[in-house]
Amino acid sequence: MSEPIYRTIIEPFRIHSVEPLTMTTAAQRREHAAEAGYNLFQLRAEHVLIDLLTDSGTGAMSRDQWAAMQRGDESYAGSPSYFIFRDAVRHLFPFEHVIPVHQGRAAERIIFGVLGGAGKVVPSNTHFDTTRANIEATGAEAVDLVIDEANDPTSLHPFKGNMDIAKLDELLALRGADVPVVFITITNNSGGGQPVSLANLREVRAVCDKYGKMLFLDACRFAENAWFIHERESGYSEANVEDIVREMASLADGMTMSAKKDPMGNIGGWLALNDDDLAQQCRNLVILTEGFPTYGGLAGRDLEALAQGLKEVVQHDYLRYRITSTAYLGKALTERGIPVLQPYGGHAIYLDARAWLSHLDPLQYPGQALAVALYEFGGIRSCEIGTVMFGRHPDGSEAAAPMDLVRLAIPRRTYTQSHIDYVIEVCEKVAETVHSLPGYRISYEPPALRHFTARFEQI
Ligand code: F0G
């Protein structure tokens with residue numbers, strides 16, 4: 001018998017321990033939203049039914065990860081758990097130095113603490129918000145050089161995370177002396193969870209070589225990026241994901257990592273790199289704020305959980321399920337006429353709020369308006385990725401972001417298909433009255449990263 005093909009997306013695991021969800025009424029949710037200043041980051045998590053705020057640290061760990069945690073060795077220095085962690089990282093990313101940190105932004109703060117500073121400029125395809133903030137906090141400039149297709153939510157380009165090579169070359173020709181490092185975010189989170197191709201990474205590497213620059217990966221979702229390469233890039237359909245990851249790593253000089261994403265951890269991150277001097281300077285900063293360089297702010301048991309997570313995330317059955325189940329949500333919404341960023345991202349589906357709430361101006365924050373509506377209608381927590389997140393500039397001015405998106409991020413191995421079917425139904429309900437949703441104005445905002453703590457008022 002030939003291999004039968006089935007339509008159902010089977011979660012390649014069964015459930016071993018459950019967490020209760022709290023049901024709320026629409027009236028309660030309206031009250032909670034108002035109390036939170038219409039900022040979903042300010043909600044109490046137990047007032048949320050389906051939490052799609054982020055895929056960061058919110059995934060379910062496996063039986064084998066919990067078992068590995070029991071082996072955690074909590075020695076202050078030189079713990080065996082560090083070496084297990086280091087070897088698991090190096091199996092995929094064979095960099096000389098592997099420095100654990102408590103999460104991704106710590107790696108960013110440390111590397112830009114050494115490489116940043118006034119007058120410097122750091123290009124990327126698209127910097128994530130914390131990366132940008134950590135660069136700008138040193139006085140340096142963060143520049144996004146993603147290909148033009150990335151800013152067209154309807155473009156079906158298979159690698160919308162790619163760097164615009166001509167723009168990178170132009171920047172390096174003009175300001176090469178000010179550029180300490182080039183970054184590439186895989187997958188490109190702020191651009192819609194879109195992958196970067198190996199062909200593009202090779203071209204970026206060539207431009208970096210031409211100008212003698214280091215290339216670093218912001219590799220949070222490296223396994224999802226590798227799966228997209230496996231599925232979409234010619235010559236890789238037979239390749240093993242682990243080999244694709246190693247090929248990506250071979251093109252870079254280092255990486256920052258939030259282990260709260262693809263490494264399946266609830267906390268953690270690392271900085272890995274080849275340059276000995278730079279690594280020494282980074283370790284000195286790690287000691288200052290994170291801890292001794294063999295634990296970097298993590299418990300030994302966390303390091304063990306990450307080492308095991310790295311083995312699980314590159315499994316093809318897992319990645320096939322992960323990417324297919326995310327696309328299931330995207331496809332269902334598209335079929336219902338809801339504008340969704342195309343192609344579907346790896347870790348999230350991005351609703352195009354600017355297109356859907358076309359009655360609102362970007363400075364009335366259509367993404368925020370949609371995110372609040374999803375919560376009030378169905379208890380779904382999502383995240384605005386648009387003018388609230390990116391509209392305020394270091395010089396104090398405010399302008400529309402390139403896109404106003406609402407991200408439905410899918411925590412790893414956490415929700416079942418019926419949870420996702422419910423999300424689809426809530427979106428259908430919102431669609432019935434979408435053009436009467438109110439816009440928002442900001443009544444309070446902090447000096448940086450305003451989306452976390454800003455308060456809003458309905459217009
Ligand atoms: N880089 C990217 C591409 C990210 O998506 C994140 C976090 C970070 C760096 C920072 O890592 O949170 O461990 O300090 N993204 C989360 C998100 C918060 O919701 O997308 P961190």
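Predicted model: local features only at pLDDT ≥ 70, side-chain atom pairs only at ≥ 80, totals over all residues.
Student: How is the chain divided into domains?

Tutor: The parts are domain 1 (26–55 + 315–458) and domain 2 (63–313), with bounds that come from an automatic or database domain assignment. Their C-alpha centres lie 26 Å apart. Contact means heavy atoms within 4.5 Å, and 30 residues of domain 1 are in contact with 36 residues of domain 2.

Student: What makes a space a pocket, and what a cavity?

Tutor: On a 1 Å grid over the protein atoms alone, a cavity is a set of points where a 1.4 Å probe fits but cannot get out, while a pocket is an open set with protein on both sides within 12 Å along at least five of seven lines. Lining residues have an atom within 4 Å of a point. Grid points are joined across faces, edges and corners, and a volume is the space filled by probe spheres set on the points.

Student: What lines the largest pocket?

Tutor: The largest pocket, with a volume of about 1400 Å³, is lined by 36 residues, and Ser 17, Ala 60, Met 61, Arg 413 and Thr 414 lie nearest its centre. Two or more lining residues come from each of α2 (63–70) and α12 (316–335); helices are DSSP runs of H or I with at least four residues, strands are runs of E with at least two, and both are numbered from the N terminus. Each of domain 1 and domain 2 gives at least three residues to this lining.

Student: How many residues of each class line the largest pocket?

Tutor: There are 15 nonpolar, 12 polar and 9 charged residues. Ala, Val, Leu, Ile, Met, Phe, Trp, Tyr, Cys and Pro count as nonpolar, Asp, Glu, Lys and Arg as charged, and the others, Gly among them, as polar.

Student: Which element gives the largest share of the lining of the second largest pocket?

Tutor: That element is α5, with 5 residues. The second largest pocket holds about 810 Å³ of space, and of its 40 lining residues the closest to its centre are Arg 132, Met 389, Phe 390, Arg 392 and His 393. Within α5, the buried residues include Arg 132, and the cover over the buried residues of this helix includes α4 (104–115), β3 (121–124) and α15.

Student: Why is Thr 187 called buried?

Tutor: Buried means under 20% relative accessible area, exposed over 50%, and partly exposed in between, with a 1.4 Å probe and protein chains only. Thr 187 has 0% relative accessibility, so this residue counts as buried. Thr 187 is found in the loop between β5 (181–185) and α7 (198–211). Beyond its neighbours within four places in sequence, its contacts include Arg 221, Phe 228 and His 347.

Student: Why is the pair of Tyr 82 and Phe 85 called tilted?

Tutor: Rings of Phe, Tyr and Trp (its six-membered ring) pair if their centres lie within 6.5 Å; planes under 30 degrees apart count as stacked, over 60 as edge-to-face and the rest as tilted. The centres of Tyr 82 and Phe 85 are 6.5 Å apart and the planes stand at 45°, so the pair is tilted. Ring pairs link Tyr 82, Phe 83, Phe 85, Phe 93, Phe 222 and Trp 270 into a cluster.

Student: What makes Tyr 38 and Tyr 440 a link between parts of the chain?

Tutor: Their rings form a tilted pair, 5.3 Å centre to centre with 55° between the planes. Tyr 38 lies in the loop between α1 (26–35) and β1 (50–51) and Tyr 440 in strand β13, so the pair ties together parts that are 402 residues apart in sequence. Both Tyr 38 and Tyr 440 are buried.

Student: Which residues lie closest to the centre of the largest cavity?

Tutor: The search of the whole structure finds 2 cavities of 30 Å³ or more, and the largest has a volume of about 150 Å³. Of the 16 residues that line the largest cavity, Tyr 321, Ser 325, Ile 410, Tyr 415 and Ile 420 are the closest to its centre. The largest share of this lining, 5 residues, comes from α12.

Terms used: Residues numbered from 1 in each chain as written. Heavy atoms only, no water.
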